[in-house]
Amino acid sequence: MYTKDFEVRWSDIDANRHLANSAYVNLMSHTRMAFLMEQGFDQKTMVTYKIGPVAFYEHMYYFKEAFLGNQVKVSLEIMGLSEDGKFFEFHHNFYNDKGENIARCEMMGAWISLETRRLTGLAIELRSKFSDIEKAASFKVLTKEDTRKFLKIPKNL
C-alpha cells in the first residue's frame with residue numbers, strides 16, 4: 001500500500017473548521033500523482049505519450065473530522081486495472097496520527113489521449129510499469145462494463 005503524509009493547512013479547512021471536502025479530493029489527487037510519478041508516469045512521460053489521467057468518479061465516505069494542524073496519512077491501493085491499461089480503480093483511506101481511519105474513497109478513472117480526446121489504452125512499456133506493483137487482495141481485471149456499474153448517464157436540458 002502506498003501512503004503519503006500531509007498536514008492540514010489553513011487553506012484546507014472549511015466554514016466548520018474541519019478538513020473540507022475539496023481538500024480531501026486535492027490530497028487524493030496529489031497522492032495519486034505522487035504514486036504515478038514514482039512509477040515513471042511523470043509529466044515528461046505523459047507529454048511523450050500524449051496521455052493524461054481522468055477521473056470517472058470519487059465516492060467519499062467520512063468517519064471522523066480532521067482539523068487545522070492535524071497530520072493525515074493518505075493511502076492508495078490498486079483495486080483494478082484493465083488488460084490494456086485503459087481503466088484503473090484506486091481506493092484511498094485517510095488516517096489520523098493515531099492510525100484511525102477517518103475517511104475512505106473509491107475512485108475509478110482512465111487514460112485519455114490528449115490528441116483525440118478519447119479514452120486510450122497504455123503503450124505496452126507503460127502497462128509493464130504496473131506488473132510488479134503490489135495490488136490489493138481483492139484486485140480484479142477491469143472491463144468496460146465495470147465502468148458502467150452505477151448506470152449513470154447524462155440527462156441534457
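This is a predicted model: local features need pLDDT of at least 70, side-chain atom pairs count only at pLDDT 80 or more; totals for chains, interfaces and linings use all residues.
E100 is partly exposed, at 29% relative accessibility. E100 forms a salt bridge with K64. The closest N and O atoms of the two are 3.3 Å apart. K64 is partly exposed as well, with a relative accessible area of 42%. Where do the two residues lie? K64 lies in the loop between β2 and β3, and E100 in the loop between β4 and β5, so the pair ties together parts that are 36 residues apart in sequence.

Why can such pairs form? Side chains of opposite charge can pair when their charged atoms come close. How many salt bridges does the structure hold? There are five. One of them joins D146 and K140, with the closest N and O atoms 2.7 Å apart. D146 counts as buried, because its relative accessibility is 14% and the limit for buried is under 20%. K140, at 39%, counts as partly exposed.

Another salt bridge joins R32 and E58 through their side chains, at 2.8 Å from N to O. R32 lies in helix α1 and E58 in strand β2, so the pair ties together parts that are 26 residues apart in sequence. Is R32 buried or exposed? R32 counts as buried, at 9% relative accessibility. E58 is partly exposed, with a relative accessible area of 26%.

R32 has a further partner. Its side chain makes a polar contact with the side chain of H92, at 2.9 Å. H92 lies in strand β4. H92 counts as buried, at 0% relative accessibility. What surrounds it? Leaving out residues up to four places away in sequence, H92 touches M28, T31, R32, V74, S75, L76, A103, R104, C105 and M107.

Now turn to the nonpolar residues. The largest nonpolar core has 35 residues. Which of them have the most contacts inside it? They are F35, I78, F94, W111 and F130. Several elements build this core. β1 (2-7), α1 (21-38), β2 (51-62), β3 (71-82), β4 (87-95) and β5 (101-113) each supply at least two residues. Helix α1 gives the most, with seven residues. Take F35 as an example. Not counting residues up to four places away in sequence, F35 touches Y2, L76, I78, F130 and I133. There is also a second, separate core of five residues. Among them are Y57, F87, M108 and A110.

Next, look at the rings. The whole structure contains ten aromatic pairs. One of these is Y24 with F94. The ring centres of Y24 and F94 are 4.8 Å apart and the planes are at 70°, so the pair is edge-to-face. Y24 is in helix α1 and F94 in strand β4, so this pair links parts of the chain 70 residues apart. Both Y24 and F94 are buried.

Compare F41 and W111. How are their rings arranged? The centres are 5.3 Å apart and the planes are at 25°, so the pair is stacked. F41 is in the loop between α1 and α2 (43-49), and W111 is in strand β5. F41 counts as buried, at 0% relative accessibility. W111 counts as buried too, at 1%.

Together with Y2, F35, F88, F90 and F130, they form one aromatic cluster. F35, W111 and F130 are also among the residues with the most contacts inside the largest core. A charged residue can meet a ring as well. K135 lies over the face of F139, at 5.8 Å from the ring centre.

I51 lies in strand β2. It counts as buried, at 6% relative accessibility. Which residues does I51 contact? Leaving aside neighbours within four places in sequence, I51 is in contact with M46, W111, I112, L114, T120, L122 and L126. Look at L114 in that list. I51 and L114 are 63 residues apart along the chain, and their C-alpha atoms are separated by 5.3 Å.

Note on methods: Residues are numbered from 1 along each chain as its sequence is written. Side-chain values use heavy atoms; hydrogens and water are left out. A nonpolar core is a set of buried Ala, Val, Leu, Ile, Met, Phe, Trp, Tyr and Cys residues joined through side-chain atoms within 4.5 Å. Buried means under 20% relative accessible area, exposed over 50%, partly exposed in between (1.4 Å probe, protein chains only). Helices (H or I, at least four residues) and strands (E, at least two) are DSSP runs, numbered from the N terminus. Contact means heavy atoms within 4.5 Å. A salt bridge is a side-chain nitrogen of Lys or Arg within 4 Å of a carboxyl oxygen of Asp or Glu. Rings of Phe, Tyr and Trp (its six-membered ring) pair if their centres lie within 6.5 Å; planes under 30 degrees apart count as stacked, over 60 as edge-to-face and the rest as tilted. A charge sits over a ring if NZ of Lys or CZ of Arg is within 6 Å of the ring centre and within 35 degrees of the ring normal. A polar contact is a pair of N or O atoms within 3.5 Å; within protein, one must be able to donate a hydrogen and the other to accept it, and residues adjacent in sequence count only if both atoms are side-chain atoms.
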